[in-house]
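Dear colleague,

Please find the structure below, together with its sequence.

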Amino acid sequence: RDDDDLNDVASMAGVNLNEESARIMAINSDLVGTHIQSCKDEPFLAAIPLHKRILETAKKLGITDVPAEVVTFISHATQNRLRTVIEKVTVITQHRMESYKDDEWYEQATDVRSQLKFFEQLERLEKQRKDEQEREILLKAAKSRSRQEDPEQARLKQKAKEMQQQELAQMRQRDANLTALAAIGPRKKRKLDAPGLLTIGGEGVGVCGGSQAGLGTASPRQYPRQKITRVNLRDFIFYMEQEREMSHSLLLYRALLK
């Protein structure tokens, strides 16, 4: 009775169920009898060397046979573990490279770099003052014409003479450099944004052929540079210190010694 009711409703709507079934089977006829399977499960590590390594470890524990499924499982586990490590270390590196100077809540408390520059400038001025004092002493010793000279006076005169020769050599070298630069002439900078040049990674490459090259109106194209995350040893050490199973490992101790 249910089939009859369904046929009655379909016939009232002007639909023939037999024709619709035949049409559906005709559309999906290419799928009938085909065998669908998933992609081949390829291991992440080389199967033969990994199997040999597992057998060497298993023999120490009294296991003589290791099936291929174990090798595949360990390979996938290694891939998953390596992916997790790379993701965590990448997050640590990106966190280290973040700059909070543009944040509105950022307030600079100290500037160590400026303080170091200030101390370096003080040391430079102090050294310059001592050099000037020593130069004056040497010049006075060189100008003195006392008949009875002690060895210390002779040493100062010799040092003053060497200082004057060194200054004279520096002046000659400076004059030679200026003469060479004047002979070469002003250096001309290459225009990378000139018409007919294509900017690729900071280098200009000539564009030839086509109407644009003939007219010299080729517009420079800018290729975006791919952002590279560089992980250093300090980031990996920080990751190992946070991991429970690696915080007391021999690998962390060796990394700290480097």
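In helix H5, Glu134, Arg135, Leu138, Leu139, Ala141 and Ala142 are in contact (heavy atoms within 4.5 Å) with residues of helix H6, namely Gln153, Leu156, Lys157, Lys159, Ala160, Met163, Gln164 and Glu167. Helices here are DSSP runs of H or I with at least four residues, numbered from the N terminus.

The model is predicted, so local features need pLDDT of at least 70 and side-chain atom pairs count only at pLDDT 80 or more, whereas totals for chains, interfaces and linings use all residues. Residues are numbered from 1 along each chain as its sequence is written, and side-chain values use heavy atoms, leaving out hydrogens and water.

H5 spans residues 112-143 and H6 residues 151-184; they pack at an angle of about 115°, with their axes 8 Å apart. Axes are lines fitted to C-alpha atoms over the stretch in contact, and angles run from 0 to 180 degrees between N-to-C directions. H5 is therefore roughly perpendicular to H6 (65 to 115 degrees).

Leu50, Ile54 and Ala58 of H3 are buried (under 20% relative accessible area, 1.4 Å probe, protein chains only). Seen down the axis of H3, these buried residues fall within an arc of 70°, so they line one face of the helix; the arc is taken from the directions from the helix axis to the C-beta atoms. They pack against helix H4 (68-97). The face turned away from the buried side carries Ile48, Pro49, Lys52, Arg53, Lys59 and Lys60, which are exposed (over 50%).

Yours sincerely

Notes:
Helix = DSSP H or I, 4+ residues; strand = E, 2+ residues; numbered from the N terminus. Parallel < 35°, antiparallel > 145°, perpendicular 65-115°, else oblique.
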